[in-house]
Structures are given as C-alpha cells and as structure tokens.
Amino acid sequence: MKFVAYPRELQGTGASRRLRNTGKVPGIVYGAGAPAMVELDHNALFHALKKEAFHSSILDMDLSGASQQVLLRDVQMHPFKQIVLHVDFQRVDATTRVSKKVPLHFINEDTAPAVKLDGCLISHVVNELEVECLASQLPEFITIDVGEMTKGQSLHVDDLKLPKGIKVVLRGKKNPAVVSVIQQAEEAEPEVVAAPVVKAPATKAKKEEKQNKK
C-alpha cells in the first residue's frame, strides 16, 4: 500500500492543534536514520486505517518525492470523536528484523466435521498473533484451515503451518490455543403447565332451583 506524507516544520502542542484544524494529522517516522516529523491528510489516513493491510504490511511512503518503506507502529485516536490525533511509522528494509501483530484468517469452518456432523461451533480464541521475522517476509495475514477439526479438538500455536522464517512471539506463554471446538448448549424444552380449572359461577336459574328444593 502507498500513501503520501509531507515534511512538518512546526512542532509542539499548539502547532499540532492548528495542523489538525486544517484537516492534517501530525506524525513521526523513526528508525534507520534521524527521525522525521511529517504530516498526512486526515481523511486519506482515516480511510486507510480501516483496511487490515495498512496495519500489518510494509507500506510505501512517498515523502518529498522519495519512496521509503515503513511499518505503522502506533495510532492515537480522539477518545470519542472519529479523529486521528497522531501516527508513528518505523522505517524498514529487507534486512530489518521486526515484530508485529498479524491478523488470523480462518477458512473452511462450515465444512469442518465438528460443525457439519456434530453441530458444534468453532471458537476463535485469538484473532491475531505477534510474529517476528524479516520485514521482507512479514505476512499481511496468516491463514488457518479449520476444515478438518472434530468435536473436542483444539489447535495450538505448535500446530500451525507458518510461512518460512515466521516465528510466533509467545511472551512467556507455552503453546497457547488459537482455535477450539465448543459444543452448543442444548435448548431446554418448554415446560407444559396445566391451566387451572376455574369453576363456572352458578346461573340464576340454578340458584332458584336450589331454593325451591329447600
């Protein structure tokens, strides 16, 4: 993905506020050289942030007519408004080793025996994994095929077939589960309650008949 950034001369809280008032977003690019202050068009950046690939792949940044490869590292949003306040990018090249969270794409859920035959559900324990690799090897996403999963089965990190050179960063966890099969709770049958018998009130004729008999 490509985007355009422009050099930012003014710095500070006041300058950033004035920049946002003109529809721009302040940012910084660091790594592999001196940090560079930049500004980006807010609307273009806002729409780019809605795309999954913008968060997890190498980006081509056009700055002053020169192309640089960068990774999105941080985004600061307004607490309750749909406004981007600041962005951070890291310069990378083919030899840069990076760690980055990558989204997981699960496929063939409908055809899994656990779903098709046993009526179970496929539960996504996590929807992304942090991986470590060369920047040139960074995958946009990782595909996990759950088409062979059966009732009671779980897939862990060690069970995944990862692209060459990709290593999952576990942060002290030992082979955590990524996806598991859970059984749907059976719906209880509604309890049938007999309607109470209401004794019909005696008619006027029956009351007179009882009085005559007395």
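This is a predicted model: local features need pLDDT of at least 70, side-chain atom pairs count only at pLDDT 80 or more; totals for chains, interfaces and linings use all residues.

User: Why is C133 called buried?

Analyst: Buried means under 20% relative accessible area (over 50% is exposed, in between is partly exposed; 1.4 Å probe, protein chains only). C133 has 0% relative accessibility, so it counts as buried. C120 has a relative accessible area of 2%, so it is buried too.

User: What makes F89 buried, and which residues is F89 in contact with?

Analyst: F89 is at 0% relative accessibility, so it gets the buried label. Its place is in strand β6 (residues 84-91); strands are DSSP runs of E, at least two residues, and helices are runs of H or I, at least four, numbered from the N terminus. Contact means heavy atoms within 4.5 Å. Leaving aside neighbours within four places in sequence, the contacts of F89 include F3, I28, Y30, L40, F54 and L72.

User: What makes something a pocket, and what volume does the largest pocket have?

Analyst: On a 1 Å grid over the protein atoms alone, a pocket is an open set of points with protein on both sides within 12 Å along at least five of seven lines, whereas in a cavity a 1.4 Å probe fits but cannot get out; lining residues have an atom within 4 Å of a point. Grid points are joined across faces, edges and corners, and volume is the space filled by probe spheres set on the points. The largest pocket comes to about 220 Å³. Of its 13 lining residues, the closest to its centre are V126, E128, L129, V169 and K173. Strand β9 (residues 128-134) supplies the largest share of that lining, three residues.

User: How many residues line the second largest pocket from strand β10?

Analyst: Four, which is the most from any element; strand β10 spans residues 142-145. The second largest pocket holds about 180 Å³ of space.

Note on methods
Residues are numbered from 1 along each chain as its sequence is written. Side-chain values use heavy atoms; hydrogens and water are left out.
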